[in-house]
Amino acid sequence: MDRERHIGSLDGLRGIAAAGVIVAHVNLMFPSALSMPIRDIGSNAVGLFFALSGFLMAYIYGNRPLSPKSCADFLVTRFARIYPVYIAAVLAIALLSLFQDLNYFQPINGIGQVLRHMALMGSSGVFWSVPPEIQFYLLFPLIWLFLSNPIRYRNIAIAIAIFLALDGLLGFPGSGIMLPSKLPFFLFGVVAGRMHRRIDRQEPNIIIGMLALLLPLFLLVRQGVAPQTASSLWDMATAFAAALSVFLVALEHPISVVAFGAAPLRFAGRISFSLYLFHAPALFLVEKTLGGTAPSDLVIPVGVATAFGLACVSYYVIEVPARRFLVSRWKRHREDAKWLGKLDAAQAPAIFSSRRTRM
């Protein structure tokens, strides 16, 4: 099997998901301006993000050799991708919240809340979705170990499957910022990522193309167009639909590529994390500035354009430079961590192996 290639349509899907979150906040600030079936579209969009994460982790790393160094590289890379721009957004919202006259609608008030968010235990605004993402990254090396040798480490899959079953039977309890409440989205995404490795060379099929185009869009708006079909935002069925949407889009059928492979959507997907973090304050400040003097038909486009502009600044000034700096620093100094070289992936705890092996 060839080494993983970049799947451009997934950038477009990520852009669609980011647009869904923006639409949700536009509707929150301008409830009478939109007449679209958008109830809970933001939460469904985040579910797509979670499934995308599971898919990409399995797709990118599932065939790579696992070792302590590769595991450490993975964790540092993912941390560098998420945490610096996340902290910048937390501090920006905390600063905005200091101006009480503005009455920011999703505030972070006080040093206690700031520290809580820095410790990935906060849930203000869109920040609630970052902790389960990070927690999944911490879980993934265990999944990676299983993927490296499914026969030897099948007990890992059994243990995770049992936990997922119990988690589902209990209704995915706990805080929304904890991984168990969102676990099926990541795990179904992982399964989809592994399946893609095996059947992504199939001949184009028009049904696949149409499903890839329509299923993600239906998933986003389903509470609005068919509320009777939506039992829960975070149940197993929704997680399966999110992962299946990612899988179908990743097949890149010519029909779906027309939409998800479009350059504007792919660019939105590239900056999607910064857009996700900074769109709400951008919309809020534009509404505060123009809302009393201009019609919403003008304020909304200006707010969305401002959100994209701020996201571009964040991406090119904070997100990319911080990631490159931290990863380069890690690569420069990781050789000093001599204990990494002394370990070997084969020395994983025997409890995860289905049979004892001689060391």
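Biologist: Of the 359 residues of the protein chain, what percentage count as buried?

Modeller: In this predicted model, 48% of the 359 residues count as buried. The chain holds 14 helices and zero strands.

Biologist: Why is R81 called buried?

Modeller: The relative accessible area of R81 is 17%. Buried means under 20%, so R81 is buried.

Biologist: With which residue does the side chain of R81 meet in a salt bridge, and what makes the contact a salt bridge?

Modeller: The partner is E319, with N to O at 2.7 Å. A salt bridge requires a side-chain nitrogen of Lys or Arg within 4 Å of a carboxyl oxygen of Asp or Glu, and the 2.7 Å between R81 and E319 therefore meets the criterion. The pair links distant parts of the chain, with R81 in helix α3 and E319 in helix α13, 238 residues apart.

Biologist: How do you know whether E319 is buried or exposed?

Modeller: E319 has 2% relative accessibility. The limit for buried is under 20%, and E319 therefore counts as buried.

Biologist: How many salt bridges does the structure hold?

Modeller: The structure holds three salt bridges. One of them joins R5 and E252, whose closest N and O atoms are 3.0 Å apart. R5 lies in the segment before α1 and E252 in the loop between α9 (236-250) and α10 (254-260), so the pair, 247 residues apart, links distant parts of the chain.

Biologist: Why are R5 and E252 called partly exposed?

Modeller: Partly exposed covers what lies between buried, under 20%, and exposed, over 50%. R5 stands at 30% relative accessibility and therefore counts as partly exposed. E252 has a relative accessible area of 24%, so E252 is partly exposed.

Biologist: What makes the contact of R14 and D11 a salt bridge, and where do the two residues lie?

Modeller: The N to O value for the side chains of R14 and D11 is 3.1 Å; the criterion is within 4 Å, so the contact is a salt bridge. R14 and D11 both lie in helix α1, three residues apart, about one turn of the helix. R14 is buried, and D11 is buried too.

Biologist: Which residues are the closest to the centre of the largest pocket?

Modeller: The largest pocket holds about 870 Å³ of space. Of its 34 lining residues, R14, L56, M57, R78 and R81 are the closest to the centre. Helix α2 gives the largest share of the lining, ten residues. By kind, the lining divides into 17 nonpolar, six polar and eleven charged residues.

Biologist: Why is N103 called exposed?

Modeller: N103 has a relative accessible area of 59%. Exposed means over 50%, so N103 is exposed. N103 is found in the loop between α3 and α4 (110-118), and its phi is near 55°, a positive value in a residue other than glycine.

Biologist: Is L120 buried or exposed, and how do you know?

Modeller: L120 has a relative accessible area of 17%. With the limit at under 20%, L120 is therefore buried. L120 lies in the loop between α4 and α5 and has a positive phi of about 65°, although it is not a glycine.

Technical notes:
Residues are numbered from 1 along each chain as its sequence is written. This is a predicted model: local features need pLDDT of at least 70, side-chain atom pairs count only at pLDDT 80 or more; totals for chains, interfaces and linings use all residues. Side-chain values use heavy atoms; hydrogens and water are left out. On a 1 Å grid over the protein atoms alone, a cavity is a set of points where a 1.4 Å probe fits but cannot get out, and a pocket is an open set with protein on both sides within 12 Å along at least five of seven lines; lining residues have an atom within 4 Å of a point. Grid points are joined across faces, edges and corners, and a volume is the space filled by probe spheres set on the points. Helices (H or I, at least four residues) and strands (E, at least two) are DSSP runs, numbered from the N terminus. Ala, Val, Leu, Ile, Met, Phe, Trp, Tyr, Cys and Pro count as nonpolar, Asp, Glu, Lys and Arg as charged, and the others, Gly among them, as polar. Buried means under 20% relative accessible area, exposed over 50%, partly exposed in between (1.4 Å probe, protein chains only).
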